[in-house]
Amino acid sequence: MNQTHAPNTSNALELQTEFAQFLQVVSQFFNQDRINDYARETRFVERESKLTGHLFLSLFTFGLNVYGTPSLAQLLGLLNDVKSDLELSRQALHDRINEEAVAFFEKMLALAIEIKLPQRLSEQMRAVVCPHFNGIRIFDSTSFQLPEALAEYFRGAGGDGSKAAVKIFFGYDFNACRFLYRLASGTTPDQTALLGFLDDLQAGDLSLEDLGYFNLEAFTKIAHKGAFFLSRLLPRVTLYQRSADGTAYEKFNLVKFVQRLSALQTEVEVYLKWQSTFIKTRLVIEKAPEEVKAKRLRKTRKNNKRRGHKLTKRTKILAGFNLYITNAPATAIPCEFMRLFYGVRWQVELMFKIWKSNFALAKVTGKKPERIRCLLYAKLLFISITSAVSMAIRNVVWLTMRREVSLDQAAKHFKTKAQTWLKAIIQTPEQVAEILQTAAAFIMKHNLKGKSRKRAYPLTLLENMISLA
């Protein structure tokens with residue numbers, strides 16, 4: 001494929017102009033009148049109050065990034081710092097954390113997620129990164145334990161762990177640079193969660209699935225939408241092929257096929273079955289290095305020993321192969337690039353690590369379920385807004401300089417600006433856009449990774465575009 005060259009000067013100026021306009025839009029997200037309107041709409045505020053919806057939302061959202069997981073006393077101290085004329089008791093703040101507050105935070109988080117990158121920035125990046133798909137969706141989850149008093153609201157596995165746990169399911173839209181989310185009990189299976197994200201999937205999108213999300217029903221729905229999936233194959237799943245006369249479907253003996261395989265990589269047409277529906281897919285098979293096979297078998301033996309299971313001959317054989325299935329055409333994902341393309345989703349795990357380490361996502365305190373939800377929604381809101389800005393910065397830098405931005409360092413920088421950002425929102429809102437512009441300029445100058453790199457194929461670019469290491 002042809003190398004994509006850097007834009008000319010006029011195009012670069014247009015990108016910079018759109019980026020500046022985008023920062024202006026983001027700066028208006030915490031507009032006082034707008035937020036207070038939503039506070040009344042969700043009934044968080046029903047009459048005049050010293051603690052407005054605007055103050056409450058801003059305090060929680062930025063307080064979490066100043067203190068990690070702050071106590072009520074710390075939030076009150078921060079409130080006094082930004083608005084010294086307001087006196088509020090700890091009990092008064094505690095009482096405001098209720099179901100209406102949860103609804104208010106949910107509303108504001110939904111609005112934050114809808115922040116869209118400028119059209120020119122997103123379209124030009126899509127042309128470089130995923131020219132064969134309208135968008136790329138990547139799903140994953142993270143879970144953590146909670147105090148056992150919350151088991152009624154967030155069920156955990158128990159045993160050696162807590163009886164209360166929460167799981168956050170994420171769907172990341174690479175094209176729009178935004179994420180979807182869902183809060184659930186810690187025991188919620190990943191496979192069922194995937195179905196809840198499919199309504200947002202559009203024709204021409206590609207969904208990259210982890211084995212934990214392997215779901216034949218979901219794959220069937222994705223295919224019927226005119227969208228595509230790419231997943232590792234769950235070895236125990238039955239595959240089918242069309243009979244010689246094309247009138248029936250016959251079981252495909254995968255073990256027998258790989259035992260006869262001499263090539264390092266091959267592709268075969270197979271079908272997945274959900275109820276009475278057969279889905280035509282490409283099965284890509286490649287031999288794994290011996291050390292990879294050995295590592296897989298060690299892990300499987302350890303898991304089987306814990307569960308009291310025996311290691312089957314089938315498992316031993318298939319451990320020596322990388323198996324991928326997709327309904328995307330070879331023109332979009334060539335066989336030889338299958339592993340590279342699928343490897344992109346593993347980079348998303350690094351994004352979760354950034355969120356956990358920089359925003360203390362898995363650290364929440366309190367025994368009140370409403371407080372837990374408000375804390376999580378506030379953290380996700382800050383993550384959503386700063387991630388959108390970071391992705392916009394990343395796109396501008398790549399399209400104009402062919403350099404990569406460290407999203408980890410960008411997240412750290414936004415965290416250091418949390419208190420300054422909060423003060424401006426409360427005291428001098430007209431300066432918020434300038435603060436964001438200054439932060440962006442710093443990231444563009446000081447948070448770049450390595451030297452300029454030339455990419456010969458968009459898939460290698462795709463991997464590096466979301467490389468967060």
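This is a predicted model: local features need pLDDT of at least 70, side-chain atom pairs count only at pLDDT 80 or more; totals for chains, interfaces and linings use all residues.

Q: Which helices do Asp 81 and Lys 423 lie in?

A: Asp 81 is in helix H4 (residues 72-82) and Lys 423 is in helix H17 (residues 418-427), so the pair ties together parts that are 342 residues apart in sequence.

Q: And how accessible are they, buried or exposed or in between?

A: Asp 81 is partly exposed, at 34% relative accessible area. Lys 423 is partly exposed too, with 30%.

Q: How many salt bridges does the structure hold?

A: There are 10 salt bridges in the structure. One of them joins the side chains of Glu 41 and Lys 107, at 3.8 Å from N to O. Glu 41 sits in helix H2 (residues 32-41) and Lys 107 in helix H6, so this pair ties together parts 66 residues apart in sequence.

Q: Is Glu 41 buried or exposed?

A: Glu 41 is exposed, with a relative accessible area of 51%; the cut-off for exposed is over 50%.

Q: What about Glu 269, what does it pair with?

A: Glu 269 forms a salt bridge with Lys 280, and their closest N and O atoms are 3.5 Å apart. Here the two residues lie in strands: Glu 269 in S8 (residues 265-274) and Lys 280 in S9 (residues 277-287), so the pair ties together parts that are 11 residues apart in sequence. Glu 269 counts as partly exposed, at 40% relative accessibility.

Q: Switching topic: which residues gather in the patch of negative charge?

A: That surface patch brings together Glu 46, Glu 99, Glu 100 and Glu 106. Glu 99 belongs to helix H6 (residues 99-113).

Q: OK, now the hairpin. Which strands form it?

A: S6 and S7 form the hairpin, with 6 residues between them. Strand S6 covers residues 239-242 and strand S7 covers residues 249-252, and they pair in the antiparallel sense over 4 bridges.

Q: Who's the bridge partner of Arg 242?

A: Tyr 249, in S7.

Q: Which residue in the turn has a positive phi?

A: Gly 246, with a phi of about 75 degrees.

Notes: Residues are numbered from 1 along each chain as its sequence is written. Side-chain values use heavy atoms; hydrogens and water are left out. Patches are made of residues with over 30% relative accessible area and no salt bridge: like charges are joined within 9 Å, nonpolar side chains (Val, Leu, Ile, Met, Phe, Trp, Tyr) within 5 Å. Accessible areas come from the Shrake-Rupley method with a 1.4 Å probe; for residues, only the protein chains shown count as cover. A salt bridge is a side-chain nitrogen of Lys or Arg within 4 Å of a carboxyl oxygen of Asp or Glu. Lys and Arg count as positive and Asp and Glu as negative; His and the chain ends are not counted. The place of a charge is taken as NZ of Lys, CZ of Arg, CG of Asp or CD of Glu. Two strands pair if DSSP finds at least two bridges between them. Buried means under 20% relative accessible area, exposed over 50%, partly exposed in between (1.4 Å probe, protein chains only).
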